[in-house]
Amino acid sequence: MGQITATLGKTIKEFIRQKTILFWTIAWPILWVLIGSFSFTGDAPSEVVSYIKGSIAISMSVFALMTAGIANLPGNIAQDRERGLLSKLMSMPINPWRDFVGRILALLAFSSLAAILVTLVGYGCGARFSYSLISLLQSIGFLLLVSLASAGIGMLIGTFIKHVHGAIMSGVGIAVVTAAISGVMAPFSSLPWILQQFARIYPISSANSSITCLVVGEGYAGYNPLTASQTTFTIVISLLLFFAGLITYSRFCWRKE
Amino acid sequence: MNLKIIEGEFYALMGPNGSGKTTLASIIASVRFPTSGKIEIYGKEPENAKELIGYVPQENFSSPILTGEENLMYFAGLLGYPKNAAQKIVNEILNKIGLSKDANKRVSDYSGGMRKRLEVATALFPNIKILILDEPTTGLDPSARRKFLSLIQELRKEKATVLLITHIGADAELASRVGLIDEGEIIAEDEPEKLKKASGLKDVMNIETAIKSEDIAKILSRFSEKKKVLETDVGYRVYCKDVEEVTPEIVRSLDAIGCKVTKIETERPSLEDVFFKLTEKMVREVS
């Protein structure tokens, strides 16, 4: 066993065994898929309803990835620091980068599981998608960007908010509020102009719209986010957030006084 | 500070909160940088000797939602043991610390003593030569503390080098050598019995009174060596040269101010008394 697999195994077990994490990452998005699928489809024609349900399932899958990165990861980091595990690890012949890779792999594995479950529930509720192999692969790329951007934000929170509950609640708050105001939890067209601009630059909602556009249709995303400029911007901002979080985490969480 | 710990030695560093014990332990364990000075572990700087050190911080760092075995397997993985070898070593360690039967229970279901033993177990992997235990018995009930200390005694038989950080005199007495630390300086260092002898303290009287007050302490100080009286949870400790001679006088004096003595007993001085004699400070705060 290496450091990466040890950290990966431990972190996944901790994610799976904590009710709060399971609620916010899996139960909450599934609840919204159920509510959304049966309440928010309005009097749309039946051939459209299944695609509306598809866009809801995608948004909630993205929300699951967001919560995993923005709330669960900082909670896990803060917990390890608060109970002295980071001090213990610093005394051991351990490479902080491997610890980081283990945590991120655990996050990706857990959030993928959450996204798959949410999508399956959506499918069970009648959600339908329209995609090709290329658009599916592109969507997976955008999902990865959501995870990276979320993990970046999560590491920033986990580094600077020392208290476990503070870190988790700040993460949940940021995830819920930004999802609500950026079109992840509400249709883009219903947002006021200023929030529509925010939705275009917030990489998570931009990626969410891009996936919706790719596997459901542009009409369901509310606008075309797949322009070269917006896609490049989404990739750059996601990577910037990820590396900002990574550098902050490795510098400050593992810093010797 | 100048401190030398010999290979195979059980060294206890004893002092009150804020005396610098934990800071020193964390510097040796490479968790902190020293502001000045130098530390060598088998001729290496702490940063390059991490594989030799098993550091057990004060906090309960094990994951409560993992089982005892899962926690140890995690540390085995971090140390780079292949899965099969890790499982074998973990089983041996669990056996050694007496947690084999509870290995598959979640740590949240462990008692404080079991959890502490598990955490010490993270420092028992092969190749670790020095154990640094930071206040390991703090918060343990007397029975868990006894069990824990017998584990440390067992480790001592295996010739492990142990650095025990503590503010409890009875724990420090198990060590082969004790350093008393105050304000970042080692003020005395020797075998426990020699430290007690060198302090010149003879008998210590434990006096329990119905009430505690400054006046009582003042009266008792008249009978105590160098006029030093230690206030304890239940009364006072008075350092006497001749117990038999002063006991009736103490009772009379306290009686005169209306203070009822509920219990008087005599015992040998402890390391905490030695520390008090040297510094006029208590190692432990009176609750």
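Which residues have the most contacts inside the largest nonpolar core? I started my notebook with that one.

**Ground rules.** I am working with a predicted model, where local features need pLDDT of at least 70, side-chain atom pairs count only at pLDDT 80 or more, and totals for chains, interfaces and linings use all residues. Residues are numbered from 1 along each chain as its sequence is written, while chains are lettered from A and ligands numbered from 1 in the order in which they are written.

**Core.** I found A:V146, B:I132, B:V162 and B:L163 to have the most contacts inside the largest nonpolar core, which has 156 residues. A nonpolar core here is a set of buried Ala, Val, Leu, Ile, Met, Phe, Trp, Tyr and Cys residues joined through C-beta atoms within 7 Å. For "buried" I need 20 or more other C-beta atoms within 10 Å of a residue's own, with C-beta atoms placed from the backbone. Helix α3 (residues 46-82) of chain A gives the largest share of this core, 17 residues. Domain 1 (10-195) and domain 2 (200-279) of chain B both contribute residues, so the core lies between them; those bounds come from an automatic or database domain assignment.

I then looked up A:V146 and, leaving aside neighbours within four places in sequence, listed its contacts as A:V62, A:L65, A:M66, A:I204 and A:A207. Contact means that the C-beta atoms, placed from the backbone, lie within 7 Å.

**Helix α9 of chain A.** Helices (H or I, at least four residues) and strands (E, at least two) are DSSP runs, numbered from the N terminus. In chain A, confidence is highest in α9(A) (residues 203-215), at a mean of 96; pLDDT, the predictor's confidence in each residue, runs from 0 to 100. I noted that 13 of the 13 residues of α9(A) are buried. After α9(A) comes A:G217, with a positive phi near 145 degrees.

**Strand β5 of chain B.** In β5(B) (residues 177-182), five of the six residues are buried. I followed its pairing, which takes at least two DSSP bridges between two strands. With strand β1 (residues 10-14) of chain B, the pairing is parallel over four bridges, and B:M14 has B:L180 as its bridge partner. With strand β6 (residues 185-190) of chain B, β5(B) runs antiparallel, joined by five bridges. These two form a hairpin with two residues between them, and B:E183 in the turn has a positive phi of about 50 degrees.

**Chain contact.** I counted 22 residues from chain A and 27 residues from chain B here. On the chain A side, α1(A) gives the most, with six residues.

Conventions: Buried ≥ 20, exposed ≤ 12 C-beta atoms within 10 Å, placed from the backbone. Contact = placed C-beta atoms within 7 Å.
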